[in-house]
Amino acid sequence: YYKITHGKKDIVVACAVGHLYGLAEKVKKGWVFPVFDIEWKPVSETTKSSAFTKKYLNALKKLSKGANSFTIATDFDIEGEVIGLNVIRFACNQKDANRMKFSTLTKDELRESYKNKSNHLDWGQAESGEARHALDWINGINYSRALTAAIKSTGAFKIMSTGRVQGPALKIIVDREKEIKAFVSKPFWQIQLVGEHNNQEIIAWHKEDKFWEKTKADEVISKTKGQKEAKIGNLEKKQFNQMPPFPFDLTSLQVEGYRCHGISPKEILEIGQELYTSGYISYPRTSSQQLPPAIGYMKVLNDLGKQKQYSDLAKKLLKKSSLKPNNGKKTDPAHPAIYPTGIVPAELTERESKIYDLIVKRFLATFADNAIRETMTADIGCSNEIFIAKGTRTIEKGWHEFYSPYVNLEEIELPSMKKDDRIKVSKIELISKETQPPKRYTPASIIKDLEKRNLGTKATRSEIVDTLFQRGYVQGKAIEATNLGISMVETLEKYCPKILDEDLTRRFEMEMDKIRDGKEKKEQLLEDAKDAIIKITAELKKHQKEIGADLQKANKETQDEMSFLGICPVCKQGNISMR
């Protein structure tokens, strides 16, 4: 802990290293379910890996005895509020406390936050946070015990888990997997014209695009066979403004970080947290795509200008007559979009540097001018068949300069030409293709889809996806549902579909938002959840043996599949596996 003097006050700053308290059963009675009798207990008593937190909790208890006022300065979000609430009521034996609110760990903002702290905890956040913890605990423990008991009923053992978000998330991946496996490719044909004009290559495609009947495509090939020249018909040019990107919220940072650097969403959140606690960026767990003027645009840009790699870009923005970011629509009641504070980072790891650079470039780009792009479409006639060439080029870079090298746009520049110009044709060819199945999810795209469906929270989605991997339900960078994952969903759909109900999960998410806004009570939500859990676990008990048999069979198949390395190179017959 730290002792400081601020004005005429002596202040002690002590640490809550994450959650010092967690939910647990009041009285353990073995693997029974359903259970709802829970209470907050020190995590040092319930989790071996959290034993180190005991000394921090003891310090808080000891220090609180000599304090005459209490201020919570944990992260200003639902999780931070629950951490602060538990410390205040259980360690400090207080009913309430002052509350600091801040989005960066910079000296100026922390001083301002302390000066303007509120007199009370944010009780909406606290109530909503408690409801979420209880909801996740009673769902997770009861469903997981029921499924593990089902496996045990077959004489085998494997820890099985699902939860109120984990189940629907797995179903989304499994449904995509089934689409892929059921997909039947359909052949089609396209006709490409390759030509030249002013010593520049032109590629054009027949206006029909996809021919579903080969005979029709063959007719075009026959008609244009041997042609050495084509003629430019209609030409159309259009210029359009391309607005700068929105500031980063957590999900868009995770998606972009995965696209640009291949870093997993879970690791990006960890890196973001490290950059935040080091003071280099604002709070990363935000849903906001908006940068309010209160963050001080000019100060941040001036500070970024002290870093050599951003100096020129920052100076260009500071010359603008006004600074206005291209804010998105998404908001967050607690925090702005993610932005760099301007504090010069000390040594960063390679991956930290990559994510920091991405955040800085995105911040700079949001203040830049629109890019101006031009599309050009040319109709090319050959034996009365029309081929279409399309090109798009950037005329003025605008924000592209500030977001380099992360701009992901294709530049196809057509040669300068006018109507009735002649094209030298080098070939016209028939290309056979097949329709493709839908793509598998990536770790980034599944998080984006979960957000769109309002399943989970910005801070938990990457953890949920990671759990699916740990349980053996999914595998691969392009996320593929394993036999166990598919069987889990199929078995639950057969015997207890409510456990996978996306609408039920979404409804609870919306109700927790209402609790935060003071429009609903957590007690009512938890009663509704208990009723749903009692009905679902009753169904699981009723079909325990059938569920266990299906899951155990799939578990063995998945183990065999994931441990298989290949055919023995010596005997060419036996299988080599890691088991």
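Between which two strands is the place of asparagine 198? Select asparagine 198 to find out: the loop runs between strand 7 (187-197) and strand 8 (200-206). Helices (H or I, at least four residues) and strands (E, at least two) are DSSP runs, numbered from the N terminus.

This is a predicted model, where local features need pLDDT of at least 70, side-chain atom pairs count only at pLDDT 80 or more, and totals for chains, interfaces and linings use all residues. Residues are numbered from 1 along each chain as its sequence is written, and side-chain values use heavy atoms, with hydrogens and water left out.

**Whole chain**

Zoom out. The chain holds 19 helices and 16 strands. Its C-alpha atoms fill a box of roughly 95 × 70 × 55 Å, taken along the principal axes. Of the 579 residues, 47% are buried. Buried means under 20% relative accessible area, exposed over 50%, and partly exposed in between (1.4 Å probe, protein chains only). Take the contacts (heavy atoms within 4.5 Å). Among those between residues at least 6 apart in sequence, 73% join residues at least 24 apart.

**Backbone stops**

Return to asparagine 198. Its phi is positive, about 55°, although it is not a glycine. Asparagine 198 counts as exposed because its relative accessible area is 55%.

Now select aspartate 420, in the loop between helix 13 and strand 12. Aspartate 420 also has a positive phi, about 75°, and is not a glycine. At 43% relative accessibility, aspartate 420 is partly exposed.

Stay in that loop for proline 405, which lies between helix 13 (400-403) and strand 12. The peptide bond from serine 404 to proline 405 is cis, with omega near 10°. Then go to proline 34, in the loop between strand 3 (21-25) and strand 4 (38-42). The bond from phenylalanine 33 to proline 34 is cis, with omega near 0°.

**Strand 9 and its partners**

Select strand 9 (residues 229-242) together with strand 12 (residues 422-434): they pair in the antiparallel sense over three bridges. Two strands pair if DSSP finds at least two bridges between them.

**Second largest pocket**

On a 1 Å grid over the protein atoms alone, a cavity is a set of points where a 1.4 Å probe fits but cannot get out; a pocket is an open set with protein on both sides within 12 Å along at least five of seven lines; lining residues have an atom within 4 Å of a point. Grid points are joined across faces, edges and corners, and a volume is the space filled by probe spheres set on the points.

The second largest pocket has a volume of about 490 Å³. Select Thr104, Thr106, Glu109, Ile295 and Tyr339: of the 20 lining residues, these are the closest to its centre. Helix 4 (107-115) and helix 10 (297-304) are the elements that give two or more residues to this lining. Helix 4 gives the most, with four. By class, the lining has eight nonpolar, six polar and six charged residues. Ala, Val, Leu, Ile, Met, Phe, Trp, Tyr, Cys and Pro count as nonpolar, Asp, Glu, Lys and Arg as charged, and the others, Gly among them, as polar.

**Threonine 341**

Next, select threonine 341, in the loop between helix 11 (311-318) and helix 12 (350-367). Threonine 341 is buried, at 8% relative accessibility. Leaving aside neighbours within four places in sequence, its contacts include Thr104, Thr106, Val300 and Asp303. A polar atom of its side chain lies 2.7 Å from the backbone oxygen of glycine 279.

**Largest cavity**

How many cavities of 30 Å³ or more does the structure hold? One. The largest cavity has about 90 Å³ of space. Select Asn139, Tyr143, Arg164, Leu504 and Phe508, the closest to its centre of the 13 lining residues. Helix 5 (123-152), helix 17 (502-516) and helix 18 (522-542) each supply at least two lining residues. The lining divides into eight nonpolar, two polar and three charged residues.

**Tyrosine 473**

Finish at tyrosine 473, in the loop between helix 15 (461-470) and strand 13 (474-475). Tyrosine 473 is buried, at 1% relative accessibility. The backbone oxygen of serine 161 lies 2.9 Å from a polar atom of its side chain.

How values were computed
A polar contact is a pair of N or O atoms within 3.5 Å; within protein, one must be able to donate a hydrogen and the other to accept it, and residues adjacent in sequence count only if both atoms are side-chain atoms.
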